[in-house]
Every structure is written in structure tokens, then in C-alpha cells.
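Thanks for making time this morning.

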Amino acid sequence: MRYVTVFFLTAALFAFPLFFSNTIAQSLRFTFFDDAGDTVLDYKTGLLWQKSHSSTLYYWREALSYCEALSVTINKNQIPITITNWRLPDIKELRSIIDTNYYNPAIDTNFFPNTSTNYFYSSTTRIVNDYQFGDAWTVTFQTGQTNWAVKDYNKYYARCVTQPPTIAQ
């Protein structure tokens with residue numbers, strides 16, 4: 001019995017710092033880029049994200065167009081900046097903001113509040129063979145799962161991404 005107790009205590013002592021350090025690392029990963037907190041900078045990937053996703057569900061081509069047409073004016077250090085080079089993220093980028101420390105939604109809601117648990121489109125096409133490429137890769141933030149959907153049949157949300165603008169000092 002003594003060995004079992006020592007084993008569990010030792011396991012707990014090793015597991016706690018691993019969990020705790022992962023939580024700290026994840027919380028230091030994002031920061032609000034602009035003064036009002038409408039955009040989120042991801043230190044790990046260097047990408048700038050919309051804090052809020054689209055309020056409308058779109059077919060895939062509409063989601064692409066939504067992001068390409070997006071124009072957001074932010075204030076950075078009280079200097080107004082208009083960002084117009086938004087795009088729909090590829091599947092790798094979209095998956096990068098999944099946080100499995102959270103569930104329903106599987107994303108850090110400190111930085112991405114009110115995230116729907118529905119599916120989100122990525123710009124990545126799923127290629128089945130040389131003749132069939134009408135699907136797009138998607139992510140659900142309920143669980144963080146990746147799936148695919150027929151582009152012209154399913155309507156999902158869009159969360160746009162861009163490179164952060166260069167700020168003159």
C-alpha cells in the first residue's frame with residue numbers, strides 16, 4: 001500500500017507542473033493587438049485574428065469573399081490603422097487556435113469570446129481524386145475536431161486572419 005501511495009503522489013507532483021506550465025504557456029500565447037481589443041495577435045504563429053467571427057453562416061465561396069472584403073479600422077497606440085488584407089485561414093492556421101484545455105468551445109474564450117460551437121470553414125480544399133474537389137476542410141470549436149464539408153451545400157462561419165500591420169515608431 002505504501003508503494004501505491006508514493007506512486008500516486010509522485011505522479012501527481014510531476015503531472016501538476018506539466019499541466020500548469022501548459023496552461024501558462026497557452027495564456028501567454030495570445031494578446032490583444034489593438035487598443036480596443038478587436039483583433040488578437042497569436043505569438044506562436046505571428047498571425048492576426050478577428051476576435052469575433054462572422055455573424056452570418058456562409059457557403060465556402062461566400063466565406064472566402066467575406067474575408068477578402070473585410071475592412072477593419074483599429075487604433076494601435078491611438079493611431080488609426082485600416083486593415084484590408086484579410087483572408088480565410090487554411091486548415092493548419094484554423095486548427096492552430098484550437099485549445100483542448102477548453103471544451104464547448106475548444107478555444108481560449110478570454111481572447112475569442114462568444115465563439116460558436118458550429119463549424120468554421122478553412123480555405124483548404126479537400127481533394128479526393130483528380131476529378132473530385134468540391135469539399136473544404138472545417139473545424140468545429142465545440143470539440144476542436146477537423147472535418148470536411150461540401151462547399152456548395154453547407155453553410156458555416158468564417159473567422160478571418162491576416163499578417164499584423166507594420167507600425168511605424
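Predicted model: local features only at pLDDT ≥ 70, side-chain atom pairs only at ≥ 80, totals over all residues.

Four strands form an open sheet, and going across it the order is E1-E2-E3-E9, with antiparallel pairing. Strand E1, at residues 30–32, and strand E9 stand at the edges with a single partner strand each, so one side of each has no neighbour in the sheet. Further in, strand E2, which covers residues 39–42, runs antiparallel to strand E3, residues 48–50, and three bridges join the two. If you want a place to look, find Leu-41, which stands opposite Leu-48 in E3.

Now to the cysteines. A search of the whole structure finds one disulfide, and it joins Cys-67 to Cys-160 with an S to S distance of 2.1 Å. Cys-67 lies in helix H2, residues 60–69, while Cys-160 sits in the loop between strand E8 (146–150) and strand E9 (161–162), so the pair ties together parts that are 93 residues apart in sequence. The torsion about the S-S bond of Cys-67 and Cys-160 is about -85 degrees, and the disulfide is therefore left-handed. Are these two cysteines, Cys-67 and Cys-160, buried or exposed? Both Cys-67 and Cys-160 are buried.

Finally, the surface. Trp-148, Val-150 and Tyr-153 form a nonpolar patch there, and together they have about 340 Å² of accessible area. Trp-148 lies in strand E8, and because its relative accessibility is 38%, Trp-148 counts as partly exposed.

Technical notes:
Residues numbered from 1 in each chain as written. Heavy atoms only, no water. Disulfide = S-S within 2.5 Å. Buried < 20%, exposed > 50% of the residue type's maximum accessible area, 1.4 Å probe, protein only. Pairing = 2+ DSSP bridges. Patch = residues over 30% accessible without salt bridge, like charges linked within 9 Å, V, L, I, M, F, W, Y side chains within 5 Å. Areas by Shrake-Rupley, 256 points an atom, 1.4 Å probe, with all protein chains shown as cover. Salt bridge = Lys/Arg side-chain N within 4 Å of Asp/Glu carboxyl O.
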